[in-house]
Amino acid sequence: MTETLLHLTPRGLYCPPGDFFIDPWQPVSRAVITHAHSDHARPGMRAYLTTHEGQAVLRGRLGPDAAIQTLAYGEPLGLNGVELSLYPAGHMLGAAQVRVAYRGEVWVVSGDYKTETDPTCAPFEPVRCHTFVTEATFGLPIYRWRPQAEVLAAIHTWWRANQDAGRASLLFGYALGKAQRLLAGLDPAIGPIFCHGAVERFNGIYRAAGIALPPTAYTGAATREVDWSRALIIAPPSAQASAWMRRFGEVSTAFASGWMRIRGARRRRGVDRGFVLSDHADWPGLLGAIAATGAERVWVTHGYSAVLARWLTEQGLDARPITTPFEGEQGAATGEEE
Amino acid sequence: MRALAELYAALDETTRTSEKVAALARYFAAAPPADAAWALYFLSGRKPRQVIGSRRLSEWAIDAAGVPAWLFGECYDAVGDLAETVALLLADTPSAVAAGEPASLSFWIEERLLPLREADEATQRAAVLQAWSELDQPRRFLWNKLITGGFRVGVSQRLVVRALAQVSGVEDTVIAHRLMGDWAPSADWYRGLFVSQRADADVSRPYPFFLAHSLEDDPASLGTLEEWQAEWKWDGIRAQLIRRAGQSFLWSRGEELITERFPELAEAAARLPDGTVLDGEVLPFRDGVVLPFGQLQRRIGRKQLTRKILAEVPVALFAYDLLEVEGRDLRGAPLRERRARLEQILDSGDDAIRISPLVSGSTWDELAAARERSREVNAEGLMLKRRASPYRVGRVRGDWWKWKVAPYTVDAVLIYARRGSGKRASLYTDYTFGVWAGDTLVPFARAYSGLTDAEIREVDAFVRRNTVEQFGPVRTVRPELVFELAFEGLQPSTRHKAGIAVRFPRILRWRRDKPPREADTLEIVRAMLREG
Ligand SMILES: [Zn+2]
Ligand SMILES: [Zn+2]
């Protein structure tokens, strides 16, 4: 087998002529980072490359000492004859697909992506390529998202009903990306919005990057007089069932995630409500994105990679699953069925 | 149908009783009577029989979604529920999403679903595909549940009754009574639930059963013995015998009319005064002795009641309560009065309808000693009933207690697992346990209940990681986990591999301390059989 332009090594996806890794999981000298989620952006790399928009969140994750170089979306960078450029993935602020071109051959690594627009980041942009490395977190045809506006309206209705019933609305969602996307769509006229410390930290970074978010307050700074029953509180899933929750008195809990599409998943989560909102592409989104690249060869990572690869193979593409430690939307970490 | 889908979701989304009742009340306040009647039909656990089998449903969904069978299988594996898988798999058509005023529930059931029963396969297929294209995902799910006969709502009859009482202002005992027995859902029937007096009262209609809780505490905590009456806790079929307008009706607790199964009781009932309703237990009874439940099971299992089986396993109704006398509802009277009237009515000592004897004791300790002898008379323990109590509706704490003898227990090893149903469809919660016969584990009991949610998740993860063989829905797992099982009784059986059938097996606890090799043996279990 001849060596491909990108290939999988024990440290991550590697480009030999350009001598760089994409989202490596072990220390390397040059790491191109698709986005700042912890399974893609790990500490310990000698140098990082990401987008202008993604720099602040990546620094928030890695600390002040990390050496981070940035590119504008679409701006080419030459590395030993390899042309590298970054394109919006629509996943979260600064998320990028990595385009790698060498001697007329083009590869695109999607990172995590979604095709629905999101006010907190640049919209997904299909990029033509010969080989596409796609994620497949929700690579089953049962995963189909309703429009974001509809989901937000349901969240608003739930919030108001909780106010009427005299209890706080506690909404769990991933602290980086999901939480800010939720915030950007929430109507602050309904009541005060509070955030867990882990969420509030990233809110500041988003605001500094010019993303409009409604006013929020840090739960830890709230006074005793706060009427929690009026409030909506956004917290990371790890805060569920913790002592931290007790301060709010009676609560209704909800979880915003693509996994909530399945009733059993919501029950296992132990929340009152599940809102189906994901920062990953649904099944039609994945198929549409893959088709738009025009790629003949597709490598599939995350979640349902074997399923999506088999489907693509049956559609006549040269597709195969590859094994990476990427988790997708808190898949493995929460014990959801992979 | 949208309103019912919303009600279903609302009930699904809360564990708070008050919210369930509120959601039900909202539904009934707004629903047209014909729809409300059907909703009640389903909410009270009735369901139309399966119209479409799961295999057909899967095939049609595979066609409609344009996916290969293997991919459908992957989806089903992720969801764990067929109706839900199909509902999620199909895309909402623009017309389904845009559909403004949806057709009523009664329309969907009466015009769309029921006619499918008589239809041929091609017609059924066309109708189901058409329905899928008209419905959005939550309603598609409901429709799939309805056509496969799997619609179940996790709400107790008590809450449904409470909601109806709230909406109508009619007393809940009256509504509960009117929901009993046989009825066909219609707008007129639904309106009839709330009228003050009904001349057309159905002569066969039973009363809701009063059910007991298990006594976990020391009986002395119940107060002075004088306030209580003790009876045997029988192991038979709880039943209500009705004699009205010259006719007899025997109802099981599952609200099934079983008069024809027990001709000797129907015949004896004819000698009861008109307007009498008895509550009691149907027991296998021969030569003055109550036989083990297994004998009754032999008889229930028969399609045909032959002369031979009738002679081998005659039955008697052991009556312990009187609910109606001279056509008058006696449930509000105290037990001591109902018991006295019951004794008057049954003083003739008719063989087939007998009074269930009281168990006497002058102290709680004496009763405890009597309870230890329960198995000798083929009873499961004692019933303690407050003499001053009315006959209540459903399972209400405080007045009736089951004080059972300790169950049999065995330590057994988990050997097979399959997925549960309903809310546990995506988890492995249905377990088969084995005991040792030499070096092999012989399957001997199947149990679903008794673990906490956290333990269930843990066992589920174990099953997935330790499957040695998968055959259809059943996974054979490494024999590593030991559980203590409890059960109510044992009987010899030729249909079971272990040669023993187990009554009411349940999981008492997970014996993490026990290696599988120390689980019990078939010999030990057989010894229990001889004792029992
Ligand atoms: Zn991500
Ligand atoms: Zn990822």
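A residue is called buried when its relative accessible area is under 20%. By that cut-off A:S169 is buried, because its relative accessible area is 0%. The model examined here is a predicted one.

A:S169 lies in strand β12 of chain A, which spans residues 168–172.

β18(A) pairs with strand β11 of chain A, residues 131–135. The two run parallel and are joined by five bridges. Within this pairing, A:T131 has A:R297 of β18(A) as its bridge partner. β18(A) is also joined to strand β19 of chain A, residues 318–321. Here four bridges are found, and the strands again run parallel. A:V300 is bridged to A:P321 in β19(A).

The contact between the chains was examined next. Chain B contributes 31 residues to it, and chain A contributes 24 residues. The size of an interface is often given as the accessible area lost when the parts come together. For chain B and chain A, the buried area is about 2500 Å². Carbon and sulfur atoms give 50% of that area. Three residues stand out on the chain B side: B:E13, B:W70 and B:L88. Together they supply 24% of the area that chain B buries against chain A, more than any other three residues.

Six salt bridges are counted between chain B and chain A. A:R263 and B:E84 form a salt bridge, with their closest N and O atoms 3.2 Å apart.

Several helices build the side of chain B that touches chain A. At least two residues each come from α1 (2–12), α5 (69–79), α6 (82–89), α10 (137–147) and α19 (453–465) of chain B. The largest share, seven residues, comes from α5(B). By residue class, this side of chain B has 15 nonpolar, four polar and 12 charged residues.

Note on methods. Residues are numbered from 1 along each chain as its sequence is written. Chains are lettered from A and ligands numbered from 1 in the order in which they are written. This is a predicted model: local features need pLDDT of at least 70, side-chain atom pairs count only at pLDDT 80 or more; totals for chains, interfaces and linings use all residues. Side-chain values use heavy atoms; hydrogens and water are left out. Contact means heavy atoms within 4.5 Å. Buried area is the accessible area (1.4 Å probe) that two parts lose on being put together, summed over both. A salt bridge is a side-chain nitrogen of Lys or Arg within 4 Å of a carboxyl oxygen of Asp or Glu. Ala, Val, Leu, Ile, Met, Phe, Trp, Tyr, Cys and Pro count as nonpolar, Asp, Glu, Lys and Arg as charged, and the others, Gly among them, as polar. Buried means under 20% relative accessible area, exposed over 50%, partly exposed in between (1.4 Å probe, protein chains only). Two strands pair if DSSP finds at least two bridges between them.
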